[in-house]
Amino acid sequence: MTTDLRGRTFFIRTFGCQMNENDSEKIAGILAAAGAFPAGREEDADILIVNTCAVRAKSVEKMASYIGRLGRLKAGRKVRIGVTGCVAQVEGKALTVGRKGIDFVVGPDGYLRLPRILAGAFSGPVVDTAQSPDWQEAPPLLLARSSPASAFVTIMEGCDNFCAYCIVPLARGREKSRPLPSIRAEVDDLGRRGYREIQFLGQNVNSYRDPASGTGFASLLEETARRPGPEWIRFVTSHPRNFGPEIIEAMAASPRICRQLHLPLQSGSSGVLDRMNRGYTRAEYLDLAARLRKRLPGIALSTDIIVGFPGETEAEFQDTLTALEEIRFAAIFSFRYSPRPGTASSRIPDDVPLEAKRRRLIEVQALQKRLQTDFHRGLVGRVLRVLATGPGKKDASAFSGRTEGGQVVNFRAAADVTGRFLDIEITGAGPYSLRGRIAGAADPI
Ligand code: SAH
Ligand code: SF4
Ligand code: F3S
């Protein structure tokens with residue numbers, strides 16, 4: 001059967017997390033290897049792919065309205081529209097029912113089969129949601145990396161934690177780790193191509209285990225930091241439950257591993273955490289945060305918070321606010337609980353009134369805004385190492401970058417400094433970003 005896509009053009013729209021972004025880069029690479037070309041706009045593509053996120057009802061609504069728009073765009077043109085990603089996996093064939101225009105639905109384990117699907121004849125929607133227990137290695141050709149400075153490297157996929165609210169274990173299946181040699185090969189290649197930062201990705205990076213040797217995440221970090229390659233190493237997402245001391249030691253052993261950690265707390269109440277099936281208490285999380293800060297001074301911690309989980313009382317919600325005050329995260333992502341089909345908590349009443357959820361979210365975000373502003377103001381006057389990630393929005397001399405802690409810094413430069421490490425003096429601070437001026441460069445401009 002032919003898998004030749006020469007002469008075809010594709011456009012991919014991505015919703016969801018960094019893993020989905022990395023998957024879109026892989027899909028682009030897979031289609032390009034089959035001969036297709038990327039198009040800059042939907043209107044110019046004959047293969048339109050929506051890479052979807054199922055994590056909250058809102059992400060699914062956004063996807064649905066986008067698909068509606070694509071359907072209208074299709075009128076009168078010979079275009080194939082496909083849905084990939086997490087909604088494709090959990091909804092499968094149901095996605096095509098009552099919705100016209102979707103030609104293919106392919107889950108995360110089916111991307112290597114896309115050329116064959118697309119080169120074939122369509123007598124009706126093609127649905128491929130077969131899940132594989134083993135790692136699916138995409139060809140090394142990765143087209144459009146989303147940044148010329150920083151690259152995602154997926155090291156594991158799936159989740160065995162089954163937090164009560166979360167659809168990810170259904171969408172991404174059981175945990176599977178990528179063979180160590182192919183991680184090494186990708187990192188070495190990124191180093192040769194001049195990337196300055198890598199971000200290891202996984203739903204639970206700390207559960208990583210090389211299928212052949214059993215090498216765990218701490219050893220992966222240590223050996224990556226010992227090899228030549230991109231200078232900065234980050235990873236996301238870590239689960240507090242199995243974030244062992246060996247990972248903290250691996251971080252402490254190398255200055256190349258950024259002093260930054262995204263460690264989802266979800267709630268500051270031990271009662272809510274228990275009902276969420278998170279596997280740690282408030283006290284255990286606080287203890288972990290304290291150990292991290294002691295061993296890795298200056299580490300920037302960030303987190304995810306859910307408000308309005310079923311049964312969350314006002315007192316339990318206050319526990320989340322006090323935890324935020326106590327831990328002082330550098331950044332948070334906060335969400336209103338939304339019941340997801342097939343999850344444990346979707347079977348218990350979603351009993352926190354919408355008004356209360358809304359108010360709690362506003363309170364969390366207002367508190368964090370104040371804490372973040374304080375934190376950022378404390379950085380004014382300091383000179384921080386920044387990786388320039390690309391042009392800013394304002395004008396040709398505006399650039400944007402990130403500190404080791406992950407703070408966004410906006411600054412001006414006379415030449416394109418994308419992909420360079422700069423020493424930036426922080427001159428101003430808002431709640432969500434910093435301003436600065438170049439004080440020096442780690443490498444020649
Ligand atoms: N593997 C990562 C990412 C999970 S999804 C992790 O374990 O942290 C990202 C965030 O979405 C979660 O951390 C959680 O805060 C939020 N989330 C997940 N399911 C949700 C739901 N049903 N309602 C509201 N927020 C949810
Ligand atoms: Fe979802 Fe929990 Fe797994 Fe994270 S650890 S992906 S929140 S089930
Ligand atoms: Fe969304 Fe799937 Fe990522 S549900 S958050 S795109 S793993």
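Guide: Start with contacts: a residue counts as near a molecule or strand if one of its heavy atoms lies within 4 Å of it. Before we look, this is a predicted model in which local features need pLDDT of at least 70 and side-chain atom pairs count only at pLDDT 80 or more, while totals for chains, interfaces and linings use all residues. Residues are numbered from 1 along each chain as its sequence is written, chains are lettered from A and ligands numbered from 1 in the order in which they are written, and side-chain values use heavy atoms, with hydrogens and water left out.

Visitor: Which residues are around ligand 2?

Guide: Around ligand 2 you'll find Cys159, Asn161, Phe162, Cys163, Tyr165, Cys166, Val168, Pro169, Asn204, His239 and Arg278. To sort them, call Ala, Val, Leu, Ile, Met, Phe, Trp, Tyr, Cys and Pro nonpolar, Asp, Glu, Lys and Arg charged, and the others, Gly among them, polar. The shell of ligand 2 then has 7 nonpolar, 3 polar and 1 charged residues.

Visitor: And what are the residues around ligand 3?

Guide: Ligand 3 has Cys17, Asn20, Thr52, Cys53, Ala54, Val55, Cys86, Arg172 and Gln203 around it. That shell splits into 5 nonpolar, 3 polar and 1 charged.

Visitor: Where does the largest cavity lie?

Guide: Domain bounds come from an automatic or database domain assignment. Domain 1 (9-128) and domain 2 (147-258) both give residues to the lining of the largest cavity, so it lies between them. Helices (H or I, at least four residues) and strands (E, at least two) are DSSP runs, numbered from the N terminus; helix H1 (residues 18-33) gives the most to this lining, with 4 residues.

Visitor: What lines the second largest cavity?

Guide: Its lining is Ile183, Arg184, Val187, Leu220, Glu223, Thr224 and Arg227, around a volume of about 50 Å³. Helix H6 (180-192) and helix H7 (217-226) each supply at least two of the lining residues.

Visitor: Now an open space: which domains give residues to the lining of the second largest pocket?

Guide: Domain 3 (260-377) and domain 4 (383-438) both do, so the second largest pocket lies between them. About 450 Å³ of space is in that pocket, and of its 21 lining residues Gly298, Ile299, Ala300, Phe375 and Leu379 are the closest to its centre. Strand E15 gives the most to this lining, with 3 residues. By class, the lining has 11 nonpolar, 4 polar and 6 charged residues.

Visitor: E15 again! Which strands does the closed barrel run through?

Guide: Strands of a sheet pair through backbone hydrogen bonds, either parallel or antiparallel. The cut-off is that DSSP finds at least two bridges between the two strands. The barrel is closed, has 5 strands with mixed pairing, and runs E15-E16-E17-E19-E18. Neighbouring strands in this sheet are turned by 55 degrees against each other on average, direction ignored (axes are lines fitted to C-alpha atoms, for helices over the stretch in contact, and angles run from 0 to 180 degrees between N-to-C directions).

Visitor: How many bridges join E15 to E18?

Guide: There are 5, and the two strands run antiparallel; Val383 stands opposite Glu425 in E18. E15 also pairs with strand E16 (residues 398-403), antiparallel over 5 bridges, where Val386 has Thr403 as its bridge partner. A hairpin of 6 residues joins E15 to E16. Strand E18 (residues 421-429) in turn meets strand E19 (residues 434-441) through 7 antiparallel bridges, with Asp423 partnered by Gly440.

Visitor: Which residues does a cis peptide bond join?

Guide: Most residues other than glycine have a negative phi, and most peptide bonds are trans. Here a cis bond joins Val236 and Thr237, with omega about 5 degrees. Thr237 sits in the loop between strand E11 (232-236) and helix H8 (245-253). Asn277, not a glycine, has a positive phi of about 65 degrees, and Asn277 lies in the loop between helix H9 (270-275) and helix H10 (282-295).

How values were computed: 1 Å grid on protein atoms, 1.4 Å probe; cavity = no way out; pocket = protein on both sides within 12 Å on 5 of 7 lines; lining within 4 Å. Points joined across faces, edges and corners; volume = space filled by probe spheres on them.
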